[in-house]
Amino acid sequence: MPLTPLSCDRLYTPCPEDRLGFETTKELPDQDETVGQDRAVEAVDFGIGIRADGFNIFAAGPEGTGKTSLIRHFIGRAAEQQPRPSDWAYVHNFDDPNCPRALRLPGGRARDFQRAMDRLVEDMQAAIPAAFEGDEYRTRRQAIEDEFKERQEKAFGEIQDKARENGVALVRTPQALALAPMKDGEVISPEDFNELPEDERKQRKDTMEHLQEELEQQMRQLPRWEREQREKVRALDEEVTEYAVGHQIDDLKEQWKDCPAVLKHLDRVRSAIVERVEDFLPESEELRQLPSALRQQVGGRKELRLDDYKVNVLVGHENGNGAPVVVEDHPTQPNVIGRIEHQQQYGALVTNFTLIRPGALHRANGGYLVIDARKLLMQPFAYEDLKRALRNKEARIEAPGSAWGIFTTTSLEPEPIPLDLKVVLIGEPMVYYLLSHHDPEFRELFKVQADFDFRMHRTDETVTKLAHLLGTMARRDGLKPLHRSAVARAVEQAARLADDSERLTTHMGSLGDLIREADYWAGKRGAEVVERADVQTAIDAKTYRTDRVREHIQEEIARGTLLVDTEGEKAGQINGLAVLQLGTFAFGRPSRITCRARMGRGEVLDIEREVQTGGALHSKGVMILSGFLAARFGQSGPLSLNASLVFEQSYGLIDGDSASCAELYALLSALAEAPIRQGLAVTGSVNQFGQVQAIGGVNEKVEGFFDVCAARGLTGDQGVLIPATNVKHLMLREDVRQACADGRFHIYAVDTVDEGIEILTGIPAGAPTESGIDGGSEWPTGTINRRVAARLAAWRRRVMELTRAGGGGGNGNGPGGGR
C-alpha cells in the first residue's frame with residue numbers, strides 16, 4: 001500500500017490549557033526546586049555531604065541549564081548549617097621579616113585584634129616618650145652618666161696629681177690626652193726642655209713614660225666603662241619601656257587568653273618594643289640637624305618599622321554566620337591564591353606583610369569556592385596553582401610563575417595557610433571529558449561529576465513544575481503574571497527547543513528570555529497579563545531579528561540564483577535538506593543533489609570528498625550507501641558502474657550523514673532512469689540494510705523547504721520525506737501545520753529506502769522473488785529494483801564482452817578499464 005502523509009495531530013503536540021489547573025501564574029507558589037535535573041541534584045548533594053579528600057565537584061552541562069543557580073542554592077543551604085570558620089591574619093615575623101607569620105583567630109574576632117594592636121601602637125607612641133621624659137627616668141639616667149663621669153674624673157685625676165707632683169702636666173689635645181714637662185707651674189717648650197741638664201731630662205722622661213703607661217692603661221678602660229654605661233642605660237630604657245608597655249600587653253593577653261597563637265605573638269611584640277624602643281621616641285637632635293629630604297626619608301623608614309606591630313587581617317568573618325560561599329568570576333592566579341602588592345618609595349618598589357592580599361581560596365576557606373572552568377583554564381598558572389593548593393591542602397601565596405622559576409626577585413614568603421574547603425568547577429561537558437582524559441590529577445581532585453541534562457521528560461508533573469518555575473521567574477523579575485495559555489505556549493516552545501515533542505528543554509535561560517520578551521509585548525498592548533499571543537509574538541520577533549541570512553537564501557532560491565526545483569520530475573536529481581546554525585538561530589536550507597551513472601568498475605564517487613569540501617561523516621554516509629547498493633545488486637557479480645554524487649552550488653564544508661538517503665534515492669533514480677518528483681525533499685540517513693535512520697533538526701529542515709514552496713505557491717504535490725523515527729520530534733510551525741491540514745503540503749514518514757523511492761517516483765520498489773538472478777529477473781517487473789538490477793546486469797555483461805574482446809585487459813579508458 002502506498003504511504004499516506006502524516007495526519008496533522010502528529011505534526012505538533014500541544015499543551016492542553018485545561019490540564020494546567022490555574023488561571024494565571026499569580027495563583028502559583030514559588031518553585032525553588034530545579035526541574036528535570038534529578039541526577040545532577042543527587043550528585044551535588046552527595047558532593048557537598050562527603051568530606052573525604054578529593055571529592056570536589058565538577059558541574060558539567062550546557063550553558064543556561066541552571067548549573068550555577070542550583071550549585072549556589074545547594075551550597076548556600078549547606079553553608080548556613082556549618083559553623084563559622086576561623087579568621088586568618090598575617091603578622092610580622094620579628095625573627096625573619098621575609099617570612100610573615102600566619103595567625104589563626106576565632107571566627108569574627110580578627111578585626112578586633114587588628115584594632116587592639118593599632119590602639120597599642122598609638123598608646124605606645126604617647127606612653128613611651130612620656131615615660132622617658134619623666135623626672136624619675138632623667139634622674140636615674142643622670143646618675144648613670146654622673147657615675148661614669150665620676151669614675152673617669154677619678155681615674156684621670158689620680159694620674160694628673162701624680163704628674164703634677166713630678167713636674168708633668170696632663171694636657172688635652174683635639175686627638176687625646178698627652179703628657180708635657182712643667183717648670184714653675186708652666187709647660188715648657190721642647191727647646192727649653194733640651195736646655196735642661198741631662199740627668200734631669202732623663203729623670204723627667206722616665207717619669208713621663210711611667211705616667212704614659214698608667215694613662216694608656218686608664219684609656220683602655222674607657223671603652224669598657226662606656227659599654228657598661230650603655231648597658232646600664234639600655235637596662236634602664238628596657239625597664240622603663242617594660243613598665244610603660246607591660247600593663248597594656250598584659251591587658252591584651254587577658255582579653256585573648258583563649259587564643260594561644262595571639263598570646264605567643266604578644267610576647268614577641270613585647271620583646272620587640274623593648275628592643276626597638278627608639279621607634280617610639282621623638283627625633284634626636286642629630287636627626288633634626290639633617291637636611292629635610294634626608295630627615296623625611298629616615299622618618300618614613302621609622303613609620304614602616306611601626307607597621308611591624310600591626311595586624312593584616314587576611315580573612316575576617318565578623319559579618320554573618322555559617323561557612324563562606326565565594327563565586328570567583330575572574331579567576332586569575334592572584335585572584336585565586338592571593339598576591340603581594342608593592343609600594344613605590346623613593347624610586348624603589350618595597351613591600352611588607354601589610355600588603356599581602358587574600359585570594360578566593362582564603363576567602364572560601366572553611367566553606368565553598370565556585371569557579372567557571374573555562375575562565376580558570378584561560379588564565380596562566382591559575383589552574384596548576386589551584387591544583388597544587390588542593391593537593392597540599394594549603395594556600396601558599398606566590399608571584400605568578402614563581403613555582404616554575406620564572407621570577408627570581410627577592411620578595412616575601414608568607415607562611416602558608418591550611419585549607420579546608422570544597423571547590424566546585426562549572427563548565428561544558430567537553431571541558432570535563434578533556435580534563436579527565438589528559439590530566440590524571442584532575443581525576444584525583446574532582447571525583448564528583450554533577451551531570452546536568454539538556455532536556456527532561458515531558459510529563460504532567462514536569463509541565464506543572466515548569467509552570468511554577470515560569471511564574472516564579474516572572475515574580476522575581478518583576479514581570480506580569482502569565483495566563484495559562486501563555487504557559488502552554490511556553491511549554492510547547494520548550495519542546496521545540498528540545499527538538500522532541502516528548503521532551504522539554506532544561507535551558508531555563510532561553511525560557512526566561514522568552515517570558516521577558518513576552519512581558520514586553522504584553523506591555524506594548526497595555527495588558528496586565530501575558531497571553532499566548534504575546535509569547536508567540538516574542539518567538540516571531542526573535543526569529544525576525546536573527547533570520548536575515550535565511551531570508552536572503554530564500555530570496556536567491558525564489559529568484560532562481562540557487563537552483564532548487566519544486567515542480568516537475570527529473571531522473572538523478574533530488575532536493576536534499578540541511579540545517580545551518582548561525583549563533584543561536586538554526587534554519588533549514590534546501591540543496592539540489594544530483595547523480596550521474598555509467599559503466600565502470602563499481603565506484604561511487606563522492607565529489608565533495610574528492611575536492612575536500614565533504615566532512616568525514618558525509619563521506620561515511622556515501623560509503624554506507626555504496627555498501628547497501630553492493631549488497632542488494634552485487635550478489636551475482638561485481639557492480640559494473642561508475643557514479644558521481646554532488647551537492648550542487650555548495651561552496652563550503654558539507655558534513656553529516658543526513659543526506660545519505662537523498663543521495664541513495666538520486667543514485668537509484670539515475671540507474672533506473674526513473675524521474676523523481678521535484679516537489680518533494682528528503683532528509684534522513686541510511687544504513688547498509690536500507691533502513692532510514694533519524695537525523696537532527698527535522699523541524700527546521702521541513703520548514704526550510706516549506707518556505708521555498710510557499711514562496712512559489714503551494715500546489716498540493718509538495719512535501720518532505722522524513723525518517724519515521726523522527727515523527728516524535730515534530731513540533732512544526734502553525735503555518736506548516738495548516739497547509740498540511742488543507743492538503744497543500746505533506747509530510748511522509750518512511751522506514752526504508754524502498755518506501756521512500758516509491759513516494760518519490762510513483763513506481764513500486766519491488767520485493768525479490770525466488771526465480772532466477774540473471775538480468776534482474778529476481779525482482780518483479782515494473783519495479784525500481786528490477787530496472788536497477790537489469791541495467792547493472794546489462795553493464796556487467798557488456799564489460800565482460802569488452803574484456804574478452806580486449807584479451808582480458810582494458811586500456812584504462814573504456815568501460816572495461818580504469819576510471
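Two strands count as paired if DSSP finds at least two bridges between them. This model is predicted.

**A three-stranded sheet**

By that criterion, an open sheet of 3 strands runs in the order β3-β2-β7, with antiparallel pairing. Its edge strands are β3 (101–105) and β7 (311–315), each of which pairs on one side only. From one strand to the next, the twist averages 35°.

Strand β2 covers residues 87–91 and pairs with β7 in the antiparallel sense over 4 bridges. Which residue of β7 is the bridge partner of Trp88? The partner is Val315. Strands of a sheet pair through backbone hydrogen bonds, either parallel or antiparallel.

Helix α3 (residues 110–132) lies across β2, β3 and β7, and runs at about 165° to β7. Helix α7 (residues 260–275) lies across β2 and β3, at about 135° to β3.

**Lys232 on helix α6**

Lys232 belongs to helix α6, which spans residues 198–255.

Beyond its neighbours within four places in sequence, Lys232 is in contact with Ile144 and Glu147. Glu145 is 87 residues away from Lys232 in sequence, yet their C-alpha atoms are 9.6 Å apart in space.

Rolling a probe the size of a water molecule over the atoms shows where empty space is left.

| Pocket | Volume |
|---|---|
| Largest pocket | about 1500 Å³ |
| Second largest pocket | about 730 Å³ |

The largest pocket is lined by 48 residues; Gln493, Arg496, Leu497, Thr543 and Glu700 lie nearest its centre. Elements that give two or more residues to this lining include α17 (484–497), β21 (573–582), β22 (585–599) and α24 (698–712). Helix α19 supplies the largest share, 9 residues. By class, the lining of the largest pocket has 16 nonpolar, 14 polar and 18 charged residues.

The second largest pocket has 31 lining residues, and those nearest its centre are Gly66, Lys67, Thr68, Ser69 and Leu70. Helix α2 gives the most to this lining, with 5 residues. At least two residues each come from α2 (67–80), β8 (325–328), β13 (368–372), α16 (460–476) and α18. The lining of the second largest pocket divides into 9 nonpolar, 11 polar and 11 charged residues.

Conventions:
Residues are numbered from 1 along each chain as its sequence is written. This is a predicted model: local features need pLDDT of at least 70, side-chain atom pairs count only at pLDDT 80 or more; totals for chains, interfaces and linings use all residues. Side-chain values use heavy atoms; hydrogens and water are left out. Axes are lines fitted to C-alpha atoms, for helices over the stretch in contact, and angles run from 0 to 180 degrees between N-to-C directions. Contact means heavy atoms within 4.5 Å. On a 1 Å grid over the protein atoms alone, a cavity is a set of points where a 1.4 Å probe fits but cannot get out, and a pocket is an open set with protein on both sides within 12 Å along at least five of seven lines; lining residues have an atom within 4 Å of a point. Grid points are joined across faces, edges and corners, and a volume is the space filled by probe spheres set on the points. Ala, Val, Leu, Ile, Met, Phe, Trp, Tyr, Cys and Pro count as nonpolar, Asp, Glu, Lys and Arg as charged, and the others, Gly among them, as polar.
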